[in-house]
Structures are given as C-alpha cells and as structure tokens.
Amino acid sequence: MIEDIRVEQIPAQESAVVRGRCAPEDIGQFVGAAYEEVMAALGEQGLGPAGPPLCRYLMGDEGMDEQGQAAMFTLAAGFPTSGSVAATGRVEAMTLPAGSAVVAVHVGPWTELGQAYAAVAQWMAERDLEPAGDPWEAYLDGPEVEVHRTMLTSPCRARA
C-alpha cells in the first residue's frame, strides 16, 4: 500500500554500493551481503552511512514489466555516505542524481514492492510524467519490524 506519494526536488547523494545481477529470489541474499561489504569498507575508510540502506535497480535489457517484475535484476545495494568512498573490493562509489523525483512510501511486505512500483508508474502517467533514470528504494525499517516502510524514489520529468 502506498502511504504517501509526491514529486520532490532531491539533491545529489554520494553512496557506496556493490553492483550485481540476480534473479528475484536471490535479491535478499545479494543485498544482505552487499550491505555487509559496504559497511566494512566505510568503517575502514572512516566513513559512515548518511541514511538508511538502499537498493537501486539499474535498468538494462531485462527491464521491469508493468507489474514491477523481471526475470533478472541488475542492482546496486549499499548506503548513502557521509563522504566520498574509495573503491575497494566489490564496493564502489555511486552518486544518486539530483532533480525531480516521485517519492512514495510503501507500507507492507517487501514482496509487494513490485505492486508499489506499478502504482508509482500509474501515478506518474496520470500526471504526464515519465521516468528520467533508474529508481531506488530506501528501507526505513529493519527486518525485525512487522510492518515495513520502504521509500521508493523514481527520477522523473514531464512527458515529451
């Protein structure tokens, strides 16, 4: 369920991530390992996370269908950072872009995020907006919470 949805002007945000490609059923394992690697790299460099963990879906040939599903996903999982991170191992720097973005808060299980992306796409279309880059999620609650809140951010622009 989408609790809140709006267009915001967001600033660029430096991040540290691990990139990879996996099937939907392997996302949880990939993301968990990526977070551990990023946190270790940040600690070694005297940096810290500057916000909740994130996962960015990098659109490639596979793309997501209208229900937010794909056979394979290309991901970048990590954290926004308090400074520039130097690449080490699989950890690399990534800048989340500045600009207009649809920001939505999904409340519910992670398994329903595909439906949330479909709702965001529909909301954008109803307002003559279109995607202007790869979306990302920020997980506002840890896995121990019964009802999860996930912030979806989708860069957008007016439809041409």
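**A friendly note on this predicted model**

1. Val38 is buried, with a relative accessible area of 0% (buried means under 20% relative accessible area, exposed over 50%, and partly exposed in between, using a 1.4 Å probe and protein chains only). Val38 belongs to helix H1; helices (H or I, at least four residues) and strands (E, at least two) are DSSP runs numbered from the N terminus. Not counting residues up to four places away in sequence, Val38 touches Ala16, Val17, Val18, Ala77, Gly78, Phe79 and Val91, where contact means heavy atoms within 4.5 Å.

2. A word on what you are looking at. This is a predicted model, in which local features need pLDDT of at least 70 and side-chain atom pairs count only at pLDDT 80 or more, while totals for chains, interfaces and linings use all residues. Residues are numbered from 1 along each chain as its sequence is written, and side-chain values use heavy atoms, with hydrogens and water left out.

3. Now the overall layout. The chain has two helices and nine strands, and from the N terminus on these elements follow the order β-β-α-β-β-β-β-α-β-β-β. Among contacts with a separation of 6 or more, 77% join residues 24 or more positions apart.

4. Next, the dimensions. For 160 residues, a compact globule would have a radius of gyration near 15 Å, and the chain agrees because its own value is 15 Å; this radius is taken over C-alpha atoms, and the globule rule is 2.2 Å times the number of residues to the power 0.38. Along the principal axes, the C-alpha atoms fill a box of roughly 45 × 30 × 30 Å.

5. What about the surface and the charges? Of the 160 residues, 43% count as buried. The accessible surface comes to about 8,200 Å², and 53% of it belongs to carbon and sulfur atoms; such areas come from the Shrake-Rupley method with a 1.4 Å probe, and for residues only the protein chains shown count as cover. The chain carries 9 positive and 23 negative charges, whose mean positions are 6 Å apart. Here Lys and Arg count as positive and Asp and Glu as negative, leaving out His and the chain ends, and a charge is placed at NZ of Lys, CZ of Arg, CG of Asp or CD of Glu.

6. The largest nonpolar core deserves a look. It has 31 residues, and Phe30, Cys55, Tyr57 and Leu75 touch the most other members; a nonpolar core is a set of buried Ala, Val, Leu, Ile, Met, Phe, Trp, Tyr and Cys residues joined through side-chain atoms within 4.5 Å. At least two residues of this core come from each of strand S2 (13-22), helix H1 (27-44), strand S3 (54-57), strand S4 (73-80), strand S6 (99-107), helix H2 (113-126) and strand S9 (149-158). H1 gives the largest share, eight residues. Apart from this core lies another, of nine residues, including Ile10, Val17, Ala76 and Trp136.

7. Beyond its neighbours within four places in sequence, Leu75 is in contact with Val18, Arg19, Gly20, Cys22, Ile27, Phe30, Cys55, Arg56, Tyr57 and Leu58.

8. Ala16 takes us to strand S2. With 0% relative accessibility, Ala16 counts as buried. Its contacts, leaving aside neighbours within four places in sequence, are Val38, Leu42, Ala77, Gly78, Phe79, Thr81, Val85, Val91 and Glu92. Ala16 and Pro80 are 64 residues apart in sequence but 6.4 Å apart in space, C-alpha to C-alpha.

9. Ser154 sits in strand S9 and is buried, at a relative accessible area of 10%. Not counting residues up to four places away in sequence, Ser154 touches Ala101, Val102, Val120, Met124 and Pro135.

10. Trp110, in the loop between S6 and H2, is partly exposed, with a relative accessible area of 39%. Leaving aside neighbours within four places in sequence, Trp110 is in contact with Tyr139, Asp141, Pro143, His148 and Thr150. Asp128 lies in the loop between H2 and strand S7 (129-131) and is partly exposed at 49% relative accessible area. The phi of Asp128 is near 55°, a positive value in a residue other than glycine.
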